[in-house]
Amino acid sequence: MLSGSFASAGSESKRRRVVPLPKGIVAMQTFTPDSSVVSDVIPSPNFGERNKGRQPDMIVLHYTGMPDVEGALTRLCKAGTEVSAHYVVLEDGRILQCVPESKRAWHAGVAKWAGEADVNSCSIGIEIINRGHDWGYPDYPLRQIAAVIALCRGIIIRRNVQPHRILGHSDVAPARKKDPGEKFPWRALAASGVGHWIEPARIEAGAVLRHGAEGEQVQVMQQALADYGYGIAVTGKFDHATFEVVTAFQRHFRPEKVDGIADGSTLATLHALLGELPVDVRTTAALG
């Protein structure tokens, strides 16, 4: 069992269930958790300093995509894996902290958002225990989502994170990642003050933009995606990279149908979201 781990805030009489130290992990010096909702600290050696002292103003949500909790924690907390996250949210709602928020965890990998190429330096990474698409992709339990919301709300206050900078791994790395996926309840998070969301436009028959299309309409769509923050080249050609970005957008903002085809619903939802961004954000994106 973990020695020196921390209970969440509340009565000292509360009993907590500590998390077994995963196999192969060398016990490290613990630290005081940044959040009062953290139940245990399992320090990971996989972190560094934030580039140029960058303060985090983004949250990136992931699923672990592994068949069991122990394997996921081992990967995140074992030296040499070169993977980590600041927080891990278990299925029963318990929250673990592995890296202090002041440090640069290695969760996003090669990623880009709103012109930022070092997403790890400007973000806090939260891994959510879920087997993911390769292992059956179960629904997220309600108590787990409630814990994610509570954790994010605290980070938002501490770090002044704006709603449009609470993202999925697939948003910042659309060519590589699907997580947290189309089952993740972004709508419920937004209803609790976490993230940017509007109700998706109705899916109806009509003209679409798909892989292979070219022209001004494709260029306008690519520019809108880039203005929102996605790392996409504005070429006027609906290539495979554009398909991957459209798919990532749908996983987050129009999850009822994820097919990489930019139909009227996808485009209307994109432009509605873009229209809700603060003016200074839209101006900066357009210049970038």
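What percentage of the 288 residues in the chain do buried residues make up? I looked this up first. Buried residues make up 48% of them. I note that the model is a predicted one.

**Entry: the chain as a whole**

I looked up the secondary structure and found nine helices and eight strands in the chain.

**Entry: helices α6 and α8**

I picked helix α6, residues 216–228, and helix α8, residues 264–276. Their axes come within 10 Å and cross at roughly 40 degrees. The crossing of the two helices is left-handed.

Next I listed the residues that make the contact. From α6 they are Val220, Met221, Ala224, Leu225, Asp227 and Tyr228. From α8 they are Leu267, Leu270, His271, Leu273 and Leu274. Sorted by class, the contact has nine nonpolar residues, one polar and one charged.

**Entry: cysteines**

How many disulfides does the count come to? I found zero. A disulfide is a covalent bond between the sulfur atoms of two cysteines. I checked Cys77, whose nearest cysteine sulfur is that of Cys98, 3.7 Å away. The cut-off for a disulfide is within 2.5 Å, so Cys77 is in no disulfide.

Is Cys77 buried or exposed? Its relative accessibility is 2%, and buried means under 20%, so Cys77 counts as buried. I also looked up Cys152, which is buried with a relative accessible area of 0%.

Notes:
Residues are numbered from 1 along each chain as its sequence is written. This is a predicted model: local features need pLDDT of at least 70, side-chain atom pairs count only at pLDDT 80 or more; totals for chains, interfaces and linings use all residues. Side-chain values use heavy atoms; hydrogens and water are left out. Axes are lines fitted to C-alpha atoms, for helices over the stretch in contact, and angles run from 0 to 180 degrees between N-to-C directions. Helices (H or I, at least four residues) and strands (E, at least two) are DSSP runs, numbered from the N terminus. A crossing is left-handed if the near helix is turned anticlockwise from the far one by less than a right angle, and right-handed if clockwise. Contact means heavy atoms within 4.5 Å. Ala, Val, Leu, Ile, Met, Phe, Trp, Tyr, Cys and Pro count as nonpolar, Asp, Glu, Lys and Arg as charged, and the others, Gly among them, as polar. Buried means under 20% relative accessible area, exposed over 50%, partly exposed in between (1.4 Å probe, protein chains only).
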